[in-house]
Amino acid sequence: VATASNEVAGLLAKRLKTETQGEVLFSAADRGRYATDASIYQVKPVGVFVPRFAHEVSTAMAICRDLGVPIVPRGGGTSQCGQTTGAGLVIDHTKHIRNVLALDVEKRTVEVEPGMVLDHLNASLKKHGLWFPVDVSTSAQATLGGMAGNNSCGSRSIAYGNMVHNVLGAKAWLSDGTAINMGLFDQSTGRAKAIGEFVQQLATQLKPELEAHWPKVLRRVAGYNLDIFHNQNEKPYTGDGSVNLAHLLVGSEGTLALTHSLTLRLSPLPRAKVLGVVNFPTFVQAMQAAQHIVKLGTPGALSAVELVDRTMIDLAMLNPAFAPTMRSALIGEPEAILLVEFHGEDKAL
């Protein structure tokens with residue numbers, strides 16, 4: 001992995017301190033702290049920049065372009081594949097670039113900065129009877145920017161879809177510093193429209209390849225969403241067949257643009273929940289049953305199916321907070337259980 005020289009690192013730190021009001025963290029301890037995330041990987045960055053204001057992200061990008069330093073945008077660092085580790089300049093959005101920019105309760109949309117943590121957003125939405133339903137297990141740390149980067153799904157994606165199905169728009173900076181607004185293709189202008197037309201041409205040219213080889217799965221992060229013009233996703237990207245260019249950025253892991261803000265679709269908080277616990281004598285039987293369980297209930301009512309294996313059962317039994325609940329849910333000594341959740345707007349679920 002290429003790393004910046006000590007001279008370049010020194011120039012980078014000096015310019016960041018001079019041209020911004022953000023925190024410039026280049027000590028060995030800081031670089032070591034940001035060398036890891038929730039993955040097994042460890043790569044020391046050249047340094048860390050914590051912007052105080054959103055426009056300082058663009059300033060840092062310009063400085064990095066001048067000095068030839070790569071950029072590693074970072075949110076909560078909860079991904080397990082090393083996406084937030086790298087030898088470039090880490091830009092940490094979580095301290096200051098984490099605000100709600102606009103909320104429309106009637107239209108059920110919200111615009112947020114990329115450093116906004118999911119739990120913090122949902123806490124602010126609760127009084128309006130709304131939530132953002134891409135509920136990843138690391139919701140107390142995961143940021144919306146990072147979730148868009150890796151197309152997060154969450155345990156309730158079976159009902160609400162993935163991140164890509166709940167992003168309505170994205171404002172971002174391209175590598176050359178151009179600010180773009182990615183939204184509906186038929187309403188796009190300027191650089192965004194040109195990008196969309198290029199991808200549309202690619203999708204048309206590669207249509208046979210897309211149909212033959214594109215994975216027909218709900219969540220795919222092994223490449224870019226070229227199929228937004230010719231859907232191959234198990235769940236269409238949009239409900240009305242329109243094309244949204246913001247979906248090009250979702251799942252791109254920060255390789256196409258650096259997020260300024262995201263416009264998200266919100267959902268009503270469910271008024272009723274029902275949880276079923278199904279015990280299985282073997283792990284394989286539990287896995288085989290999932291395909292049948294997901295077909296139960298009225299359309300949209302089934303919200304989650306979670307598999308808990310014997311290891312997790314044993315660990316839960318050792319935790320005083322979980323043990324009483326687990327004992328009431330277990331029948332005999334199951335090797336696995338499936339937790340099946342239903343959501344409903346009506347209390348009579």
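Biologist: What volume does the largest cavity have?
Modeller: The largest cavity has a volume of about 50 Å³. A cavity is a set of points on a 1 Å grid over the protein atoms alone, where a 1.4 Å probe fits but cannot get out. Grid points are joined across faces, edges and corners, and the volume is the space filled by probe spheres set on them.

Biologist: What kind of model is this?
Modeller: It is a predicted model, where local features need pLDDT of at least 70, side-chain atom pairs count only at pLDDT 80 or more, and totals for chains, interfaces and linings use all residues. Residues are numbered from 1 along each chain as its sequence is written, and side-chain values use heavy atoms, with hydrogens and water left out.

Biologist: How many cavities of 30 Å³ or more turn up in the whole structure?
Modeller: The search finds one.

Biologist: Which residues line the largest cavity?
Modeller: Asn151, Trp214, Pro215, Val217, Leu218, Arg220, Asn225, Asp227, Gln232, Asn233 and Tyr237. Lining residues have an atom within 4 Å of a point. By class, five are nonpolar, four polar and two charged. Here Ala, Val, Leu, Ile, Met, Phe, Trp, Tyr, Cys and Pro count as nonpolar, Asp, Glu, Lys and Arg as charged, and the others, Gly among them, as polar.

Biologist: Pockets now. What is the volume of the second largest pocket?
Modeller: About 420 Å³. A pocket is an open set of points with protein on both sides within 12 Å along at least five of seven lines.

Biologist: Which residues lie nearest its centre?
Modeller: Val308, Ala316, Phe322, Met326 and Leu339, out of 13 lining residues. Strand S12 (272–280), strand S13 (302–309), helix H11 (310–317), helix H12 (323–329) and strand S14 (336–344) each give two or more residues to that lining. Helices (H or I, at least four residues) and strands (E, at least two) are DSSP runs, numbered from the N terminus. The lining of this pocket has eleven nonpolar residues, one polar and one charged.

Biologist: S13 came up there. Is Ser303 buried or exposed?
Modeller: Ser303, found in strand S13, has 0% relative accessibility, so it counts as buried. Buried means under 20% relative accessible area, exposed over 50%, and partly exposed in between (1.4 Å probe, protein chains only).

Biologist: What does Ser303 contact?
Modeller: Leaving aside neighbours within four places in sequence, Ser303 is in contact with Ser155, Arg156, Ile158, Ala159, Glu341, Phe342 and His343. Contact means heavy atoms within 4.5 Å.

Biologist: And in H11, how accessible is Met312?
Modeller: Met312 sits in helix H11. It is partly exposed because its relative accessible area is 48%.

Biologist: On to helices. Which residues of H1 are buried?
Modeller: In H1, Ala9, Leu12, Ala13 and Leu16 are buried. They cover an arc of only 95 degrees around the axis, which puts them on the same side of H1. The arc is that of the directions from the helix axis to the C-beta atoms.

Biologist: Why do residues three or four places apart point the same way?
Modeller: An α-helix has 3.6 residues a turn, so residues at that spacing point the same way.

Biologist: Which residues are on the other face of H1, and what does its buried side pack against?
Modeller: The face turned away carries the exposed residues Glu7, Lys14 and Thr18. The buried residues of H1 pack against strand S1 (23–25), strand S2 (47–50), helix H3 (55–67) and strand S4 (89–92).

Biologist: What about H3: which residues are buried?
Modeller: Glu56, Val57, Ala60, Met61, Ile63 and Cys64. They fall within an arc of 165 degrees seen down the axis of H3, so they line one face of the helix. The exposed residues His55 and Asp66 are on the face turned away. The buried residues of H3 pack against H1, S2, strand S3 (71–74), S4, strand S8 (167–173) and strand S10 (258–265).

Biologist: What comes just after H3?
Modeller: Gly68, with a positive phi of about 70 degrees.

Biologist: Last one. How far apart are the end C-alpha atoms of H7?
Modeller: They are 23 Å apart in helix H7 (residues 190–205), which agrees with the 22 Å its 16 residues should span at 1.5 Å a residue. The expected span is 1.5 Å times one less than the number of residues. Ala192, Gly196, Val199 and Ala203 are the buried residues of H7. They cover an arc of only 70 degrees around the axis, which puts them on the same side of H7. They pack against strand S9 (179–182), helix H8 (207–213) and helix H9 (246–249).
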